[in-house]
Amino acid sequence: MIKVGIIGVGTVGASVVNILKENADVISARAGVDIVAKSGVVKNLNKDRSYLGIKISDNVDDILNDDEIDIVVELMGGVEEPFEVVKRALKSGKAVVTANKALLAYHRYELQEMAQDIAFEYEASVAGGIPIINALRDGLSANHIESIMGIMNGTCNYMMTKMTNEGVAYNDILKEAQELGYAESDPTFDVGGYDAAHKLLILASIAYGIDAKPEDILIEGIQNVSQDDISFAKEFGYVIKLLGIAKKDKNEVELRVHACLIKKQEMIAKIDGVMNGISVVGDKVGETLYYGPGAGGDATASAVVANIIDIARSGKSKPMLGFDKPMEGKLTLKATDDIESKYYIRINVSDKKGVLARITKIFEDNNISVETMLQRPSLANSANLLISTHIAYERDIQTMMKEIEKLEFVNFAPVMIRIV
Ligand code: HSE
């Protein structure tokens, strides 16, 4: 019998206990051995968890020093505290399963180093219930990965879907996502793009062997996406979604998370609500698409339990991040400034003579070519200029946006959303 200890028994932890019980028949048959949740550790003992039928304490030592526990499931959240806990678990020879993307975004290479002979699995850390780690690390291991692009944060996708389809205001819908249990304990991780960035960094290690930290990549959230831009996007046949993008370009890989305008007929544009969807393009397989619930207790716990079964089957560790040794001609991270994209830009200006000429001159001076331009009257003698660009460099766009914001006839900070 394999015994599991769960550190952090919240929504996901409780689902892990339940799945191990309710699906014991299929789990035992697939693993070839019975698997039970023995004990859990929580921060606050006041809440009644007796219904789970496992021993609960508030001391991690009760799991880490328990010789009967074979697998430690870490669901605490945070970075440094769980890092210490999983290091102790690995040192004492216990296999580890985690859903903690923030931990991996910062410490995945140190953990890989420590987990050489011990299993360390983390399927639930990216896109909840979708087996994307398994697909990328094993199913697509014959390929050079050309790109990964997807919806990796259920909260943002839920919010953007409601804002687009029902015109619901940002703050109301954020509250709803929190109540439904999709959001992180600090929802700025979701709406600021950090949660998606943590997931993207994990995928980038498996796909490309890139060791980057969140601070090294372009991360923007959805806080500045307004109803104005959502309806202009709709009018031109686009939807706005938060995407995580990893793209190989010769020996470099660009990594970025930001709101995007996506043509509404694209498959990814149709992924709505709390669902996640990730497209992976391999040089041999072509495009593959993974779709499913990216948040929620049972969906996330489904991935955690799959890792537990996998470990129970073999007990062996595979290269945690998918590479047994560094690849020849190692890929490096592309500088944010060198990223190229098309851009949608909205500038709210006073509607008077010469304004357009000054704006287009600034575009030219910054080496940015306009693809389409439209002027829409707005309130009180002002107008929205709606511009899409040809492919331009991020550095040029950033400089230009600052110059435009300073112009005396520009009413608000101009809006920029990248087009994919
Ligand atoms: N807050 C995350 C999301 C949960 O909304 O996708 C799963 O990581």
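**Salt bridges**

I started with Glu-166 and Lys-162, whose side chains meet in a salt bridge at 3.5 Å, N to O. I count a salt bridge when a side-chain nitrogen of Lys or Arg is within 4 Å of a carboxyl oxygen of Asp or Glu. This is a predicted model, where local features need pLDDT of at least 70 and side-chain atom pairs count only at pLDDT 80 or more, while totals for chains, interfaces and linings use all residues. Residues are numbered from 1 along each chain as its sequence is written, and side-chain values use heavy atoms, with hydrogens and water left out.

Why are Glu-166 and Lys-162 separated by about one helical turn? Because they are four residues apart in helix H7 (residues 154-166). My helices (H or I, at least four residues) and strands (E, at least two) are DSSP runs, numbered from the N terminus.

By the same rule, the count comes to 26 salt bridges. I then looked up Lys-250 and Asp-249, which meet at 4.0 Å, N to O. For accessibility I use buried for under 20% relative accessible area, exposed for over 50% and partly exposed in between (1.4 Å probe, protein chains only). Lys-250 is exposed at 69%, and Asp-249 is partly exposed at 31%. Both belong to a network of salt bridges that also links Glu-254, Arg-256 and Lys-334.

Next came Glu-408 and Arg-358, with their closest N and O atoms 3.3 Å apart in a salt bridge. Glu-408 sits in the loop between helix H14 (394-406) and strand S18 (415-419) and Arg-358 in helix H13, so this pair ties together parts that are 50 residues apart in sequence. Glu-408 is exposed at 58%; Arg-358 is partly exposed at 37%.

I moved on to strand S4 (residues 71-74). Ile-71 and Val-73 point one way, Val-72 and Glu-74 the other, and all are buried.

Which strands pair with S4? Strand S1 (residues 2-7) does, in the parallel sense over four bridges, and so does strand S5 (residues 95-98), again parallel over four bridges. I call two strands paired if DSSP finds at least two bridges between them. Ile-6 stands opposite Val-73, and the bridge partner of Glu-74 in S5 is Thr-98.

**Helix H4**

S4, helix H4 (residues 80-91) and S5 make a right-handed β-α-β unit. Right-handed here means that, with the strands pointing away from the viewer, the path from the first strand over the helix to the second runs clockwise.

I checked the length of H4 too: its 12 residues should span 16 Å at 1.5 Å a residue, and the end C-alpha atoms are 16 Å apart, which agrees. The expected span is 1.5 Å times one less than the number of residues.

Buried residues in H4 include Phe-83, Val-86 and Leu-90. Among the elements covering the buried residues are S1, S4, S5 and helix H5 (101-114), with contact meaning heavy atoms within 4.5 Å. Just after H4, Gly-93 takes a positive phi of about 80 degrees.

Most residues other than glycine have a negative phi. Asn-367 is in the loop between helix H13 (355-365) and strand S15 (370-377), and is exposed at 62%. Asn-381 has a positive phi of about 55 degrees, sits in the loop between S15 and strand S16 (382-389), and is exposed at 67%.
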